[in-house]
Amino acid sequence: MDLQTIALHGGYTKDSQGTMAVPIYQTTAYEFRDVQHAADLFSLKELGNIYTRLNNPTTDVFEKRFAMLEGGEAALATSSGMSAIFFAIANAAEAGDNIVCAKQLYGGSLTLNTHTLKRFGIEARYFDVHDMASLESLIDDKTKVIFFESLTNPSIDVADIEAISAIADKYGILSVVDNTVATPVICRPFEHGADITVHSASKYTTGQGLAIGGILVERKGLVEKLRANPRYEHFNKPDASYHGLVYVDTNLPPYTLRARLSLARDLGAVLSPFNSWLFIQGMETLSLR
Ligand SMILES: *Cc1c(COP(=O)(O)O)cnc(C)c1O
């Protein structure tokens, strides 16, 4: 599908009313047919709506449509760009780990990485986005993420996504690209080897300045990078907080699945259905703008 067609129709199969436009499902909860249905939904034997902190049909369209635009496999919408970045990092790193970040970053990301993540025991190490040698020298076996922006805000430095992703691949580390400024219309980081993208939807995605929101997208086939990778044991071992689920064995995109089932569930920084709907309207004109 052409990008402009995706922006108008991607990810929406008509609901039972046959509505052409995506409806706003302004609801917190959903009916379970019976106890077995509820059990099957929670154990992922059947996929469906559980509670709007975990999923919502309007937000689902925004996530699917955005993932298609980006050429990714799956997405998770969040309440802001900052929460998307925090989820992308916290999904990979924990206390005692480090992340390697470009020093040319959005100010909020600099304070998150330098000060707030430090309070969670995660160390940020900075490289110059134009100096691959400085990047490689910062990596060790506790490095869980290489984080940078495709077009940096505000200096508009252009990152060499291919070169940075190649270093990430060499060490089996996840590359996370903030693609807010470029948007999928101008740059599609997965085509250049990136693993995960994050966006502030509050900027060009809405285009109208109406809502704060964010989104995290996972590339196709990321499961193979995570499977049996000693850096990411928590994707390969049973998750005690989710009935012993092993994320790489679910046949579902594991990065967004864990971010949803663990981080969105416990931290709750999810997008409201109304704001998802506003972003869906904004995306329609993204390629024109
Ligand atoms: C604005 C921005 C963010 C933060 O997004 P919010 O939606 O404001 O939380 C992150 N990264 C970049 C590049 C931004 O421009």
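User: Which helix gives the largest share of the lining of the largest pocket?
Analyst: That's helix 3, with six residues. Just so you know, this is a predicted model: local features need pLDDT of at least 70, side-chain atom pairs count only at pLDDT 80 or more, and totals for chains, interfaces and linings use all residues. Residues are numbered from 1 along each chain as its sequence is written, and side-chain values use heavy atoms, with hydrogens and water left out.

User: What volume does the largest pocket have?
Analyst: About 600 Å³. On a 1 Å grid over the protein atoms alone, a pocket is an open set of points with protein on both sides within 12 Å along at least five of seven lines, while a cavity is a set where a 1.4 Å probe fits but cannot get out; lining residues have an atom within 4 Å of a point. Points join across faces, edges and corners, and volume is the space filled by probe spheres set on them.

User: OK, and which residues of the lining are closest to the pocket's centre?
Analyst: Leu47, Asn55, Asp60, Lys64 and Arg260. The largest pocket has 27 lining residues in total.

User: Which elements each supply at least two residues of that lining?
Analyst: Helix 3 (57-70), strand 1 (74-78) and helix 11 (254-267). Helices (H or I, at least four residues) and strands (E, at least two) are DSSP runs, numbered from the N terminus.

User: How many cavities of 30 Å³ or more are there?
Analyst: The count comes to one. About 80 Å³ of space lies in this largest cavity. It is lined by 13 residues, and the closest to its centre are Thr52, Leu54, Thr59, Glu63 and Val270.

User: Which elements each supply at least two residues there?
Analyst: Helix 3, strand 1 and helix 11 each do that for the largest cavity.

User: Switching to the ligand. How many residues surround the ligand?
Analyst: There are 14, and the closest are Asn153, Asp178, Ser200, Ser202 and Lys203. The cut-off is a heavy atom within 4 Å.

User: Which helix gives the most to that shell?
Analyst: Helix 4, which covers residues 81-90, gives three residues to the shell around the ligand.

User: What is 2.7 Å from an N or O atom in the side chain of Asn153?
Analyst: An oxygen atom of the ligand. Asp178 has a side-chain N or O atom 2.7 Å from a nitrogen atom of the ligand. Then there's Ser202, where a side-chain N or O atom is 2.6 Å from a ligand oxygen.

User: Back to Asn153. What kind of peptide bond joins Asn153 and Pro154?
Analyst: A cis one, with omega about 10°. Asn153 is also among the residues closest to the ligand. As for Pro154, you'll find that residue in the loop between strand 4 (143-149) and helix 7 (161-171).

User: And what is the phi of Thr183?
Analyst: Thr183 has a positive phi of about 65°, although it is not a glycine. Look for Thr183 in helix 8, which runs over residues 183-186.

User: Last bit, the whole chain. How many helices and strands does the protein chain have?
Analyst: Twelve helices and seven strands. Taken along the principal axes, the C-alpha atoms of the chain fill a box of roughly 55 × 45 × 35 Å.

Conventions
A polar contact is a pair of N or O atoms within 3.5 Å; within protein, one must be able to donate a hydrogen and the other to accept it, and residues adjacent in sequence count only if both atoms are side-chain atoms.
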